[in-house]
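Please examine the sequence and the structure shown below. The paragraphs that follow lead through selected features of the model.

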Amino acid sequence: MKLHHIGIVCDESDINKFFFRPKKKFIYDDNVQKNKLIIEFNPFNNLWVEFVIPKSEKSTVFKYLKKNGPGVHHFGYKTKNLENQKKILDKKTGFLFINSFKINIPCFGGMLKTIFFFNNNFIIEFIKNVKKKKR
Amino acid sequence: MSKNKIVKKIVDNFLLKKEGKSILKGIEKRNLVDGGLIDSLDILTIASEIEKKTNKKIDISKPKIFYKFNKYKDLINI
């Protein structure tokens, strides 16, 4: 499975302290997970880097940042069959399902369905592009 | 060692490491989540450790399972 992006949790002021700070940025507001997303594409590695910045205490990463400080939060993998991936990992011990979301990230190809799993003190995200239903 | 004893050991060690020796005194009467002793990240860590050591699947997305993390007695019998 192809590694699609690396998710880094930090405050906005921390971004410039990273070695891999973004040059050309895509910026989005995730009002469901209460985060600001600053995303850049690294063409040399064919990899996206997603900076996840909590916007409030209700953010899904607020506690994580408070507890662990800025740093790598998750690896994001692109999959063709999200439901099947969930079914497989649900059966495996050591993989804990955290949550699933729908989010529009245009630079990732538009509407996405995502699922998060916790494994060995690490968070893995699986993403799949979903087509908008025609009305 | 029985599975319940393994789970108890995992939970006790986690709480001792986090809060210190005095934490286990009267722990049965306290609410672990509502009382702020453990948060959502701690639940993931504890559940993951239980799965690893007991080979038992802990589905924290089920409310019935999730709420067991609030009471020490429920948790060690998960």
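Leaving aside neighbours within four places in sequence, B:Ile50 is in contact with B:Val7, B:Ile10, B:Lys56, B:Ile58 and B:Ile78, a contact being a pair of residues whose C-beta atoms, placed from the backbone, lie within 7 Å. B:Ile50 belongs to helix α2 of chain B; helices (H or I, at least four residues) and strands (E, at least two) are DSSP runs, numbered from the N terminus. B:Ile50 is buried because 22 other C-beta atoms lie within 10 Å. By definition, a residue is buried if 20 or more other C-beta atoms lie within 10 Å of its own, exposed if 12 or fewer, and partly exposed in between, with C-beta atoms placed from the backbone. B:Leu75 is 25 residues apart from B:Ile50 along the chain, and their C-alpha atoms are separated by 10 Å.

This is a predicted model, in which local features need pLDDT of at least 70 and side-chain atom pairs count only at pLDDT 80 or more, whereas totals for chains, interfaces and linings use all residues. Residues are numbered from 1 along each chain as its sequence is written, and chains are lettered from A and ligands numbered from 1 in the order in which they are written. Chain B has a mean pLDDT of 90, and 100% of its residues reach 70 or more; pLDDT is the predictor's confidence in each residue, from 0 to 100. The ipTM of the model is 0.73 and its pTM is 0.85.

B:Ile50 is also one of the residues that touch the most other members of the largest nonpolar core, together with B:Val11, B:Ile46 and B:Ala47; this core has 23 residues. A nonpolar core is a set of buried Ala, Val, Leu, Ile, Met, Phe, Trp, Tyr and Cys residues joined through C-beta atoms within 7 Å. At least two residues of this core come from each of β7 (110-119) and β8 (122-129) of chain A and α1 (3-19), α2 (40-54) and α4 (72-76) of chain B. A second, separate core has twelve residues, among them A:Cys10, A:Ile39, A:Ile53 and A:Val61.

The contact between the chains takes nine residues from chain A and 14 residues from chain B. On the chain B side, five are nonpolar, five polar and four charged; Ala, Val, Leu, Ile, Met, Phe, Trp, Tyr, Cys and Pro count as nonpolar, Asp, Glu, Lys and Arg as charged, and the others, Gly among them, as polar.

In chain A, eight strands form an open sheet of mixed pairing, in the order β2-β3-β4-β1-β5-β8-β7-β6; two strands pair if DSSP finds at least two bridges between them. The edge strands, β2 and β6 (95-105) of chain A, each pair on one side only. Strands β1 (residues 3-9) and β5 (residues 71-78) of chain A run antiparallel and are joined by six bridges, and A:Gly7 stands opposite A:His74 in β5(A).

Two loops of chain A deserve attention for their backbone angles. Most residues other than glycine have a negative phi. A:Lys34, in the loop between β2 (26-30) and β3 (35-42) of chain A, has a positive phi near 55°. A:Lys34 is partly exposed, since 16 other C-beta atoms lie within 10 Å. A:Asn120, in the loop between β7 and β8 of chain A, has a positive phi of about 55°. A:Asn120 counts as exposed because it has 9 C-beta neighbours inside 10 Å.

Definitions and conventions: Two residues are in contact if their C-beta atoms, placed from the backbone, lie within 7 Å.
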